[in-house]
Each structure stands twice: as C-alpha cells, then as structure tokens.
Amino acid sequence: MSQNEITNILVCGIGGQGVMTATEILAEAAIAEGHDVKKTEVAGMAQRGGVVTSHLRFGRKVLSPQIEPGTVQVLLGFEGAEALRWSHYLRPDGLALVNNAKLVPPVVELGLFDYPEDPTGQMRAAGRRVVSFDAMSIARDLGEVRLGNTVMLGAIADYLPFSPDVLLACIVKRFARKGEQVVAANRQAFAAGREAVAKQLGGAPAHA
Amino acid sequence: MTTCVAGNSRRRFIFSLARKRTMAAVMPQLSNPLAPPPATSRLLLSGNEAVARAVWESGVRVAAAYPGTPSTEIIESLARYPDLHAEWSVNEKVSMEVALGASMTGARAFCAMKHVGLNVASDCLMTMTITGAYGGLVVAVADDVGLSSSQNEQDSRFWGRFAHLPVLEPADSQEAYEMTKLAFGLSEQYETPVLLRLTTRICHVKGLVVVGERENHEPAGFIKNPERWVMVPAHAKLRIPSLFQRDDTLRGVSEASPLNVLESGTDRSVGFVASGPAYMHVKEAFPNAPVLKLGFSYPWPPEKVRALAALCDTLVVVEETEQLLETEIRAAGIACHGKDVLPKMGELSPQVLLPAVDRLLGKDVPPPAPAAAPMKVFPRPPTLCASCPHMGIYYTLSQIKNIIVSGDIGCYTLGAGHPWNALDTTICMGATMGVALGIDKGRGEVDKNKRILAVIGDSTFMHMGMQGLLNITYNKGNVTVLLLDNNTTGMTGGQATPASGRDIHGAEAPRVDLAKVVEALGVPNERIKVVDPYELPILFKTVRDEIKIEGPSVIIARRPCVLIDDFKPFRPYLVEEDKCTGCGNCLEVGCPAIHVTHREKVIKPSGKEVELAFVNIDNQACTGCGLCVQPCAPDAIQHVPRRDIPIHIVKT
C-alpha cells in the first residue's frame with residue numbers, strides 16, 4: 001500500500017451491536033501506527049435498532065470523513081443483511097468479513113418486508129470476496145457472548161495495513177483495568193477471530 | 001431534541017439488541033471524569049468533544065444546553081471538566097439567557113444547541129445581539145444536514161445575517177477546537193456574541209486534536225448600565241446603529257482573518273469557495289484547484305472572493321445547505337455557480353461534486369458503475385427498545401378507533417410507525433398541545449365524533465409543553481393529554497431533567513412533581529390520572545374513560561426508560577411453542593425481541609384464508625416487561641425458568 005493511499009474501512013451493523021466501539025478501537029490502532037485518522041457515523045436515531053455504519057479512513061492526510069461507494073478495502077459486517085446493504089461500498093478487489101448474525105427487525109416480523117435469503121451468498125453471486133463466520137458461536141464457545149466484538153476485531157486484524165499486534169495492543173489496553181482474566185479471554189477471542197477468517201481464505205494472512 | 005450519543009457508555013451494547021444488561025459490559029470508557037488530559041496531548045476527539053475542550057480551556061464559567069442531536073455531546077463532555085458550571089437547561093432559549101446573564105458579569109459563557117433549538121432561542125438572540133457580550137459569549141449551533149434525526153433541515157448561517165453576528169465554521173475537529181478558542185477572543189474584542197456553526201459531519205466526526213491548557217478568566221464584574229442591559233425602545237434604538245457599524249468592522253476583520261485562506265492551486269479552470277465539511281470534499285475532489293476556504297464565513301471577505309475570481313475561469317460556491325453565500329457573492333457583482341449544479345439539500349461529498357462540476361464544464365460524465373448500485377434490502381427503521389414503556393401506550397392507542405393523536409419530538413415519535421401507526425402529527429418541540437387544541441377547535445361535522453389526544457414526553461413537556469397545556473385549560477379545550485414520564489430525555493441518550501431528581505452530573509437535584517405542575521396549569525385534580533404503561537387493561541380503561549369526558553385531562557404514564565439506571569429488568573419470557581396458535585397478537589405490541597419462527601396459511605371455517613405467524617422470544621433481549629403476555633390468548637408466553645436465566649440479566 002503506497003504512502004498516500006487512504007485506507008477505507010466500513011463497519012456496519014445495527015444500533016446496539018457495538019459497531020461504533022469496534023471502529024473506535026480500529027481508529028486507535030491506526031493512530032498508534034502514526035496515521036492521520038477520521039472516523040464518522042450517523043448515530044442519531046439509528047441507535048434504536050436501526051442501521052448503523054461507521055466510517056474509518058486513515059492514511060498520511062485524510063480530508064473528507066465520509067467513505068464513498070466503491071472505495072472500501074475492508075467491510076466489517078456485524079450482521080448479514082446489513083453487510084449486503086452496504087456491499088456496494090466495496091472496491092472491486094475489496095474484502096467483506098461478515099458475522100452470520102441474523103437480526104430481524106419488527107417490520108419483517110410483521111410481514112411487511114422479507115429478510116433476504118442468504119445475504120452473503122448474494123454478495124458472492126455479485127462477485128464480492130466474502131468471508132462469513134459465526135462470531136457469536138465462537139464467542140459462546142469461549143464462554144462469553146460479549147467477546148463477540150473482539151472476535152470481529154480479530155477477523156479484520158490480518159487485513160489492515162499494519163501488524164495485528166498493533167490492534168491487539170489497543171484491545172488489551174482497553175481491558176487492562178478489568179484484570180488479567182478479562183485480558184486473556186479477549187486475547188483468545190482475538191486469536192479465534194483471526195483463525196476463523198484465515199481458515200476460509202487459506203494460506204498466509206494478507207497484511208504487510 | 002431528537003436523538004443520539006456517541007460517547008455514552010450506556011450505548012455500548014454488544015451484539016444482542018438487549019439494551020440494559022449489556023450496558024456496562026465490555027467496553028470501558030477511557031476518559032476519567034475529573035482529570036482532563038494534559039496540554040499538548042494529541043487526542044482522538046469528535047467535533048463536539050473538541051468544542052467542549054476548547055470551551056473549558058477558554059476559562060468559561062457557565063455552559064448551558066438542552067440536549068439535541070447532533071449537539072448533545074458538547075455539554076455532556078463539558079460536564080466532565082472541573083471548574084465550570086455546566087447545566088441541562090429546560091430549553092434552548094433558557095440556555096442562551098443563562099449564558100447571556102453570565103456574560104453580563106464579565107464571565108466567559110457558552111451555550112450549545114441543534115439547529116431547531118436556535119429557533120427556540122431566537123427571541124433572546126435577536127436582542128442579545130443589540131446588548132452585545134461583555135464576557136466572551138459563544139453560541140454553538142449544530143445543523144443536522146441530511147436530517148439524521150430531526151424534523152427539518154435548516155441552514156443556521158442565516159442567523160448571522162438576521163442577527164448581525166459573526167459566524168465561524170470549522171471543517172474538522174482540530175478547527176472546531178481552534179475556532180472555539182478564537183471565538184471567545186473575538187467576542188470580547190468586538191463585544192459581540194459569536195455563532196459557531198457546526199454540522200453533523202463536524203459534531204460526529206472524530207479526528208486528532210492537539211489540546212492546550214485552561215486559562216483563567218476572572219469575571220470583571222457586573223456594571224450597572226441600563227442603557228445597555230435594559231432593552232426598552234429608547235435604549236435599543238440608540239444601540240441598533242452599532243450593529244451596522246459592527247458588521248462593517250467585522251467585514252474588515254474577516255478580510256484579514258487567517259481563518260479565510262486563499263489557496264491558489266495549479267489547475268485554474270475552476271475555483272471554489274467553501275466552508276465547513278464542504279471544504280474537505282472540495283479538496284478531496286479537486287486537489288489542485290484554487291479554493292477560498294472560509295472559516296470566518298460571515299461577514300464574508302469580498303476582496304478575497306474577488307481575488308479568487310480573478311484566479312480562475314469559473315467560480316463555484318460549494319455550501320451546505322442553502323444557496324446563501326452564492327446569492328450574496330452574485331449580488332456583489334461576482335459571477336459564480338453553485339446550486340444551479342449542486343443539490344439544495346443533504347450532505348455533499350466528492351462523488352456529488354465531481355460529476356456536477358464536469359457537467360458544468362460540458363464534460364461527458366460516465367454513468368456510475370453497476371457494481372456501485374446498492375443491493376435491495378428491507379428498510380430497518382429505528383425501533384422502540386424491548387420493554388420500552390411507550391409500546392404500552394401505542395399498543396393501546398392502536399386498539400382505539402375514532403381518535404386523532406397529535407404527537408411531539410422524542411422516542412415516542414416512533415409511534416407513528418409500524419405496527420402501531422398511532423400518531424397523526426409531529427411538528428416541533430411542544431407542538432402537540434397547540435396542534436391538539438387547534439384540531440379540537442377547528443374541526444367540523446366530519447370530525448365531530450372523534451376524540452382528540454395529545455402525546456408528549458416528560459422532558460419535552462418541561463421544554464415547551466407546559467405553556468401549551470395551560471393554553472388548553474385556559475381556552476377550555478377538549479383534549480386528553482398522555483404525558484409519558486420515563487424519567488429522562490430518552491432519545492438523546494438519557495439526559496437528566498427537572499423531573500428526574502438528578503442534575504447533569506448525576507447528583508441529586510430538586511425533583512418537580514409533574515402531577516402537581518399539571519394541576520397548577522389548570523387541569524382539575526380528578527382528571528389527572530397516573531398509570532403504569534405496562535398495565536395494559538388499566539391503561540386502556542383509563543384512556544377510554546378520559547376521552548369520553550368533556551374537557552381537558554392528563555394521563556401520566558410512569559415507567560423509566562429502559563436505558564437509564566432507574567430501570568430494573570424483570571425475568572425474561574419465552575414462548576411455549578406447543579401453545580402458540582400463531583395469532584400474531586403479540587406482534588402488534590411492536591417489541592423487537594419477538595420473532596416469527598414460521599408462517600402458515602390456513603383456511604378458516606368461514607372460508608377466509610389467513611396467515612398465521614408463530615413466534616418465539618429472544619430471551620437475551622427480553623427484559624420481562626410483560627406487555628406481550630397480556631394480548632396472548634392461549635397463555636403461551638411464560639417466564640423463562642429461573643435456572644435458565646443468565647446471571648447478568650436479572651438484578652437483585
């Protein structure tokens with residue numbers, strides 16, 4: 001990745017899932033690497049079970065804070081249909097890392113709209129590079145569903161223009177005061193997220 | 001007024017839509033409330049946080065606001081700084097008056113609001129501009145460009161023209177920080193209040209900011225001066241000419257200001273005038289073009305604009321949102337383009353600017369790539385939370401026919417949506433009362449048999465609803481008011497109110513008794529009912545009874561917002577699947593924790609085909625309010641067995 005290139009990462013999901021916090025940690029990692037960073041989202045009414053996207057841009061100098069369609073290197077999707085909703089933001093060679101969660105809103109339960117059949121399958125059919133995994137089950141297997149966020153961060157760790165250790169250090173810093181046990185659990189979750197993606201993409205991680 | 005919150009730990013939910021119980025869960029907040037980061041720290045701050053830091057560093061003694069997206073976090077952040085009085089005021093007008101009063105003593109003072117908040121405060125603003133400021137006085141106004149959570153879109157730069165006040169427009173967090181500090185100096189030097197115009201993409205964008213130290217500003221003291229502070233006609237008349245003089249002086253200041261930078265560029269086919277986030281979009285889209293960046297955007301500097309015009313073949317004014325500067329520049333005899341090629345509403349972006357300018361230059365614009373077209377996905381509108389007490393209200397209203405329900409601004413505006421469709425109007429904060437009375441008094445034969453209800457939240461009631469209720473009682477209106485008391489300002493993230501018994505810091509505060517207020521406003525004691533919105537039969541009966549009786553009545557529905565500490569979750573529920581008949585009654589409650597497992601089409605004995613929807617409850621999200629239990633005929637909804645409750649769910 002050239003020095004002047006801006007990295008665009010789009011994190012999407014639903015109000016309440018932790019999208020903004022995850023993006024905040026990614027931003028901290030980019031800062032630790034010496035990048036100029038801008039992070040934006042429209043929080044607003046999206047808090048209430050609505051759509052949330054968080055835009056993270058970093059590089060030598062970032063001007064506009066908004067990411068535009070067709071320019072995202074990595075899309076981190078916390079929910080299947082949301083990843084599909086924002087998939088047109090990906091560059092042709094972009095990568096989507098998608099949690100298999102299916103969160104169905106009341107308007108679908110009421111029968112007013114349909115939830116898409118196999119959202120990640122639709123993305124693949126449209127020519128997108130997609131890795132999907134079940135962050136919730138991975139977290140549950142580690143004994144705590146709340147580790148799902150760290151699993152998601154582990155998933156993206158090898159697809160950033162810097163070492164996964166930088167991101168891990170930012171996560172560890174956040175949990176340091178919660179004690180060694182919490183830190184260890186988060187390290188495990190991070191490693192599990194990395195593995196879930198590497199297993200599917202095969203071979204060496206793509207970073208650096 | 002409406003929504004939001006970026007920096008509130010209460011909003012850091014993880015993964016499930018369960019709101020309350022994941023609250024304090026995984027992500028700790030980094031900031032220590034009582035120890036601001038030291039000078040020269042480079043911090044990742046939102047525009048709102050950057051303004052707050054600068055206000056604190058500027059030695060401000062008083063900072064006031066009513067919450068409103070996208071401005072809420074300014075005062076929320078300021079409340080964590082020491083050595084200043086930060087407050088939630090009951091509305092924006094009061095917050096501005098508080099700031100003005102502080103300024104009269106020579107103290108530095110600040111107030112913040114969203115765009116529609118300045119409408120409320122404008123009565124103060126239009127005279128405050130005549131008295132001018134004594135201690136530095138800065139008003140931050142945040143425009144919700146793109147209507148992320150507002151009832152309209154407004155361009156607050158107009159207030160600079162209308163009120164003869166200087167307007168500063170930062171383009172990112174660092175500038176928000178720097179311009180806020182400059183604004184206090186400007187305010188004191190020219191004895192003028194200063195408008196700091198922000199937009200969503202300033203308020204809610206985080207960027208790196210280098211911060212400094214707090215300076216001390218001891219107030220010089222209040223000086224008795226009726227000709228300045230007592231705005232009777234004779235006094236105001238004497239001062240108004242000074243506004244025009246100040247305009248002229250500030251035009252000169254703007255012309256020389258380092259905040260207005262002419263970048264000469266290398267590709268001079270098109271030059272741009274831009275301010276705020278629009279400047280960033282211009283730089284990204286046209287890195288080599290000449291640009292006049294306006295940070296001091298009113299009064300704008302005509303000579304600098306002329307210099308830019310002389311540099312380039314075509315001049316384009318890029319502004320969010322109105323055609324304001326463009327009109328003024330053209331009126332000054334400088335040819336330019338702007339809204340003839342650019343959109344007149346919503347946010348701009350490089351992808352909006354590039355094709356527009358290409359078209360202006362007569363270039364062929366390639367069609368957008370098909371891959372960049374969005375996929376078709378269902379809409380996901382915001383929902384009320386699981387256990388939200390408003391669901392009880394709207395479920396009830398959806399079951400009552402022949403009513404007109406006027407509404408207001410808050411989470412409860414969502415009652416207009418599915419499945420309830422139970423709100424008929426929403427205009428502005430407090431409007432529900434006046435609109436309801438107007439419907440009552442204006443209706444003719446066709447609406448004669450309808451009952452008129454007005455819905456309003458507790459925070460909104462104290463913001464601007466009390467006068468409307470007084471107007472209903474005084475004018476003998478026939479309106480049933482539903483006062484939804486959830487003990488907080490919900491939609492902006494749970495800010496304290498005068499009825500919550502807490503102040504901005506969470507400390508104990510005098511608690512106003514809403515029932516007594518309502519009585520004092522003229523509602524007869526026997527027409528004031530306090531109900532629990534979780535108790536559907538009582539709520540239903542109360543509403544039915546009250547709407548039948550002539551004259552005003554107020555039903556106070558009292559239950560805490562599920563996102564505040566006062567809310568205690570109950571044992572969650574599940575659906576016993578063998579008992580569920582698929583009637584779908586529970587879905588009408590509108591709870592996001594209820595999900596359809598499968599649907600079946602059946603032919604009823606009458607020959608009519610109906611679709612059954614069998615459900616389950618996400619017991620990670622359910623907090624046991626029991627609203628869905630009540631309409632369930634076959635008693636299929638039962639408590640989760642105690643042994644199956646995750647220990648973090650139920651508080652003891």
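Modeller: Before we start, a strand here is a DSSP run of E of at least two residues, and strands are numbered from the N terminus. The model is predicted.

Colleague: In which strand of chain B is the place of B:Leu292?

Modeller: Strands are counted from the N terminus of the chain. The run that covers residues 291-294 of chain B holds B:Leu292, and this run is β11.

Colleague: Does B:Leu292 count as buried or exposed?

Modeller: A residue needs 20 or more other C-beta atoms within 10 Å to be buried. B:Leu292 has 24 C-beta neighbours inside 10 Å, so B:Leu292 counts as buried.

Colleague: Leaving aside neighbours within four places in sequence, which residues is B:Leu292 in contact with?

Modeller: Contact requires C-beta atoms within 7 Å. B:Met128, for comparison, is 164 residues from B:Leu292 in sequence and 31 Å from it in space, C-alpha to C-alpha. With the neighbours within four places set aside, the contacts of B:Leu292 are B:Asn260, B:Leu262, B:Val273, B:Lys304, B:Val305 and B:Leu308.

Colleague: Within what arc do the buried residues of α13(B) fall, seen down its axis?

Modeller: Helix α13 of chain B covers residues 350-360, and B:Leu353, B:Ala356 and B:Val357 are buried in it. Seen down the axis, they line one face of the helix, because they fall within an arc of 95°.

Colleague: What do the buried residues of α13(B) pack against?

Modeller: The helix itself is followed by B:Gly362, whose phi is positive, near 75°. The packing partners of the buried residues are in chain B: β10 (270-274), α10 (277-285) and β13 (314-318).

Colleague: How far apart are the end C-alpha atoms of helix α15 of chain B?

Modeller: This helix covers residues 431-442, which is 12 residues. At 1.5 Å a residue they should span 16 Å, and the model agrees, with the end C-alpha atoms apart by 16 Å.

Colleague: What does the cover of the buried residues of α15(B) include?

Modeller: Nine of the 12 residues of α15(B) are buried, so this helix is largely enclosed by the rest of the structure. Among them are B:Met433, B:Leu437 and B:Asp440. Their cover includes, in chain B, β14 (403-406), β15 (451-457) and α16 (458-474).

Colleague: Which residues touch the most other members of the largest nonpolar core?

Modeller: That core has 171 residues. From chain B, it draws at least three residues from each of domain 1 (34-216 + 223-256) and domain 2 (260-364). Apart from it lies another core, of 75 residues, among them B:Ala499 and B:Cys561. In the largest core, the residues that touch the most other members are A:Leu75, B:Leu78 and B:Ala99.

Colleague: What is the radius of gyration of chain A?

Modeller: Chain A has eight helices and six strands, and its C-alpha trace spans about 45 × 40 × 40 Å along the principal axes. A compact globule of 208 residues would have a radius near 17 Å, which agrees with the chain A value of 16 Å.

Colleague: What is the radius of gyration of chain B?

Modeller: Chain B comes to 18 helices and 22 strands. The globule rule gives 26 Å for its 652 residues, and chain B is as compact as a globular protein of that length because its radius is close to this, at 27 Å.

Colleague: What percentage of the residues of chain B count as buried?

Modeller: The C-alpha trace of chain B spans about 80 × 65 × 60 Å along its principal axes. Of its 652 residues, the part that counts as buried is 54%.

Key:
Residues are numbered from 1 along each chain as its sequence is written. Chains are lettered from A and ligands numbered from 1 in the order in which they are written. This is a predicted model: local features need pLDDT of at least 70, side-chain atom pairs count only at pLDDT 80 or more; totals for chains, interfaces and linings use all residues. Helices (H or I, at least four residues) and strands (E, at least two) are DSSP runs, numbered from the N terminus. The arc is that of the directions from the helix axis to the C-beta atoms. Two residues are in contact if their C-beta atoms, placed from the backbone, lie within 7 Å. A nonpolar core is a set of buried Ala, Val, Leu, Ile, Met, Phe, Trp, Tyr and Cys residues joined through C-beta atoms within 7 Å. Domain bounds come from an automatic or database domain assignment. The expected span of a helix is 1.5 Å times one less than its number of residues. The radius of gyration is taken over C-alpha atoms; the globule rule is 2.2 Å times the number of residues to the power 0.38.
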